[in-house]
Amino acid sequence: MTAVLTALGTMAAVVALGWALGRWHVLGERAAPVLARVVFAVATPALLLSTVAHADLHLLVSRTAAATWASTALVAATAALVLRVVWRRPAADVTVGTLASSYVNAGNIGLPLAVYLLDDPVAVVPTLLFQLLVLAPVAFTVLDAHAARERSGQDDAARDGAVDAPDRGTTGTGAVPADPVPAWLRVAAVARRTLTNPIILATLAGLALAALPWSAPEALYEPFRLVGAAAAPLALVTFGLSLAAPRGTGGRAPRRDLALAVALRAAVHPLVAWGVGTALGLPAPALLAVVAMAALPTAQNVLVYAMRYRHGEALARDAGLVSTVLCVPVLLVVAATLG
């Protein structure tokens, strides 16, 4: 348990540093969005490439991976259904809310937890791979498509506002008929946005390197490791900067959305992981690993993504804070019960 508390205390100290930097404006007014872009476009892709390239791809077909993937998918689907179908949230807010409910802090807390509590650093790999190969690509596809629609809507509004119908040969309504966009062009646009996302590109590159029949020279990965080492601390500093921002910045998270994300993150996911792992007959050490990974708090990267796409920032920020506080007693209970 000392290792768990040490990892959480270290994270809290870095977040506090970010809050202090923001509170006294040491880095300037635009520090948070700038750091968020650096983490999103540079540091995180470097970290993912070097991590995924060394992953054992056989983990993708193990019972441990099946329990991790199934439980995470159930939690994500539950969040998405409630937010979209029941509460009618916009697609971008649904995406961020789903990530806040299911995307765990596998790097900052999960890796130290796997090393010190489980004595198995590989225990975090199934969680990382599911997040990188499934959650992140789906989320970025939706967010990129939503951002493209928003830009298109702004362009259409600007064109409509500039039209003088009687002088432009229109039908007299002042609107210019829009040509329908072929379906294949829409699909191609989504594919292009998805495949040019730096995080997805880095993950695909890492998988390609992991699948090679020979090992690439370790010197190849050193620059990526060096830059990727900045991803976790910069994400935490960005989180702290966001906490120091005025309450009007990013607004307040909707209470129902926050309650849903925290409940799924802190209580439902560990229980679902325990149920699925038990049903699959996992041995005690593997079951502990699956449930402990499911009990991790919302990743600070969710806030980075929310800031990058300018949707759900308050929910990502507050879910990260509350779930991080709650994960301490949850992890203690998991370790005492299954350890």
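In the predicted model, the axes of helices H11 (residues 231-244) and H14 (residues 300-309) come within 9 Å and cross at roughly 65 degrees; axes are lines fitted to C-alpha atoms, for helices over the stretch in contact, with angles from 0 to 180 degrees between N-to-C directions. H11 is therefore roughly perpendicular to H14 (65 to 115 degrees). The crossing of H11 and H14 is left-handed, the near helix being turned anticlockwise from the far one by less than a right angle. Helices are DSSP runs (H or I, at least four residues) numbered from the N terminus. Ala235, Leu236, Thr238, Phe239 and Ser242 of H11 meet Gln300, Asn301, Leu303, Val304 and Met307 of H14 (heavy atoms within 4.5 Å).

Residues are numbered from 1 along each chain as its sequence is written, and side-chain values use heavy atoms, without hydrogens and water. Local features need pLDDT of at least 70 and side-chain atom pairs pLDDT 80 or more, whereas totals for chains, interfaces and linings use all residues.

Val302 also belongs to H14. Its relative accessibility is 1%, so Val302 counts as buried (under 20% relative accessible area, 1.4 Å probe, protein chains only). Beyond its neighbours within four places in sequence, Val302 contacts Val96, Leu99, Ala100, Tyr103 and Ala316. The C-alpha atoms of Val302 and Ala316, 14 residues apart along the chain, are separated by 6.0 Å.

Helix H3 (residues 63-86) has 24 residues and spans 33 Å from first to last C-alpha, close to the 34 Å expected (1.5 Å times one less than the number of residues). Buried residues of H3 include Ala65, Thr68, Thr72 and Ala79. Just after H3, Arg88 adopts a positive phi of about 55 degrees.

Methods: Helix = DSSP H or I, 4+ residues; strand = E, 2+ residues; numbered from the N terminus. Parallel < 35°, antiparallel > 145°, perpendicular 65-115°, else oblique. Buried < 20%, exposed > 50% of the residue type's maximum accessible area, 1.4 Å probe, protein only.
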